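I opened my notebook to look up a few things in this model.

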Amino acid sequence: MKLKYFYKKSVDLKLTINTKIYTLDRVLAILMEYIILNNGVKMPKLGFGTINQFGDQIIDNVAFALNNGYQLIDTANRYGNEVEVGKGLKKRKSS
């Protein structure tokens with residue numbers, strides 16, 4: 001399955017899966033499945049990717065993803081956006 005995301009506005013997030021466009025809530029309902037890791041931890045199969053995002057864009061996008069059901073933020077040190085991801089985590093709505 002080919003999955004990619006694009007942005008019109010940070011509040012109008014849509015995802016393209018194999019050429020079909022879905023709203024975020026529909027994708028989460030379809031794809032929010034989990035795998036069990038060797039240590040017994042349950043991990044979502046679908047995560048929000050943060051590569052090639054910087055500045056206010058990623059802050060808003062991470063907060064939006066978390067506020068709309070994402071439970072996994074895919075990040076790596078080599079992306080160089082740890083500060084912005086952290087700000088997005090802080091910006092999300094409190095539960």
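How many aromatic pairs does the count come to? I count one aromatic pair, taking rings of Phe, Tyr and Trp (its six-membered ring) as paired if their centres lie within 6.5 Å. Phe48 and Tyr70 form it edge-to-face, at 5.6 Å centre to centre and 75° between the planes; planes under 30 degrees apart count as stacked, over 60 as edge-to-face and the rest as tilted. Phe48 sits in strand β6 (residues 48-49) and Tyr70 in the loop between α2 and β7 (73-74), 22 residues apart. I find both Phe48 and Tyr70 buried (under 20% relative accessible area; exposed is over 50%, partly exposed in between, with a 1.4 Å probe and protein chains only).

A note on the source: this is a predicted model, where local features need pLDDT of at least 70 and side-chain atom pairs 80 or more, while totals for chains, interfaces and linings use all residues. Residues are numbered from 1 along each chain as its sequence is written, and side-chain values use heavy atoms, without hydrogens and water.

Next, the helices. I see the axes of α2 (residues 55-67) and α3 (residues 82-91) come within 7 Å and cross at roughly 40°. Contact (heavy atoms within 4.5 Å) involves residues including Ile58, Val62 and Leu66 of α2 and Val85 and Leu89 of α3.

Last, Lys93. Lys93 lies in the segment after α3 and is exposed, with a relative accessible area of 65%. Lys93 and Phe64 are 29 residues apart in sequence and 9.0 Å apart in space, C-alpha to C-alpha.

Terms used:
Axes are lines fitted to C-alpha atoms, for helices over the stretch in contact, and angles run from 0 to 180 degrees between N-to-C directions. Helices (H or I, at least four residues) and strands (E, at least two) are DSSP runs, numbered from the N terminus.
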